[in-house]
Amino acid sequence: MLALVSREGRPAAVAEGIDDETLVERARGGDRWAEEALYRRHASAVTSAVVRLVGRHADADDIVQDTFIIAFGRLETLRAGSAFRAWISRIALNEVRRHLRRRKLLQLVHLDRGVDDAGFAARAVDGTRPDLRAELAELDRILATLPVEQRLVGLLHRVEGWSIRETADAVDCSTATMKRRLSAADSAIDVARSGRGWTT
């Protein structure tokens with residue numbers, strides 16, 4: 001992960017009491033502590049979403065690292081520092097899309113060696129009943145069949161708990177478009193579940 005240190009020697013912190021806009025302005029001026037503070041403030045939410053979306057911890061770590069490197073290299077293009085969260089989320093999701101496209105190509109030529117260790121089934125707690133674990137594994141398979149944009153909004157809103165507005169901003173679409181994608185994802189999951197005899 002990023003190992004940024006303050007020029008003033010201050011310990012890395014979440015910088016409570018300092019808003020994103022101020023931190024972004026300071027980071028633009030070369031303050032590495034401000035970059036570290038932005039990273040610490042937002043990395044957890046970004047990582048949680050990316051892990052869920054790609055289903056692999058190792059891949060997620062690489063994507064999150066790349067996301068923040070890209071973001072800090074492009075800070076001058078961010079119009080409002082207060083929008084940093086939505087902006088960093090969009091960068092992360094673009095990296096997720098790129099990663100999933102590459103994974104699909106590798107799978108087509110049987111060169112994908114990654115291990116899915118972060119899906120619903122893999123993250124089930126010890127002692128989960130075998131039938132429930134099987135349903136979670138099936139849900140992972142269903143989600144993998146959804147178009148990427150539907151899967152993104154479904155996981156971000158339904159699983160990660162992002163609001164409609166946050167999700168729409170992250171995937172860079174209107175709230176109406178986001179709701180249509182979410183509805184399509186819900187319908188596809190419901191159809192797949194009912195076809196397998198699941199109860200809702």
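**Salt bridges in the predicted model**

Arg-165 comes out at 43% relative accessibility, so it counts as partly exposed. That value, like the others today, is computed from a predicted model. The partner of Arg-165 is Asp-169, and the closest N and O atoms of this salt bridge are 2.9 Å apart. Asp-169 is also partly exposed, because its relative accessibility is 26% and the buried class is under 20%. Both residues sit in helix α7, residues 164–171, with a spacing of 4 residues, about one turn of the helix.

How many salt bridges does a search of the whole structure find? The search gives 18. I will take a few of them.

Next is Asp-20 with Arg-41, where the closest N and O atoms are 2.7 Å apart. This pair links distant parts of the chain: Asp-20 belongs to helix α1, residues 20–28, and Arg-41 to helix α2, residues 32–54, and the two are 21 residues apart. Is Asp-20 buried or exposed? Asp-20 has a relative accessible area of 12%, so it is buried. Arg-41 has 24% relative accessibility and therefore counts as partly exposed.

Then there is Arg-56 with Asp-59. Their side chains form a salt bridge at 3.7 Å, N to O. Arg-56 and Asp-59 are both buried.

Methods:
Residues are numbered from 1 along each chain as its sequence is written. This is a predicted model: local features need pLDDT of at least 70, side-chain atom pairs count only at pLDDT 80 or more; totals for chains, interfaces and linings use all residues. Side-chain values use heavy atoms; hydrogens and water are left out. A salt bridge is a side-chain nitrogen of Lys or Arg within 4 Å of a carboxyl oxygen of Asp or Glu. Buried means under 20% relative accessible area, exposed over 50%, partly exposed in between (1.4 Å probe, protein chains only).
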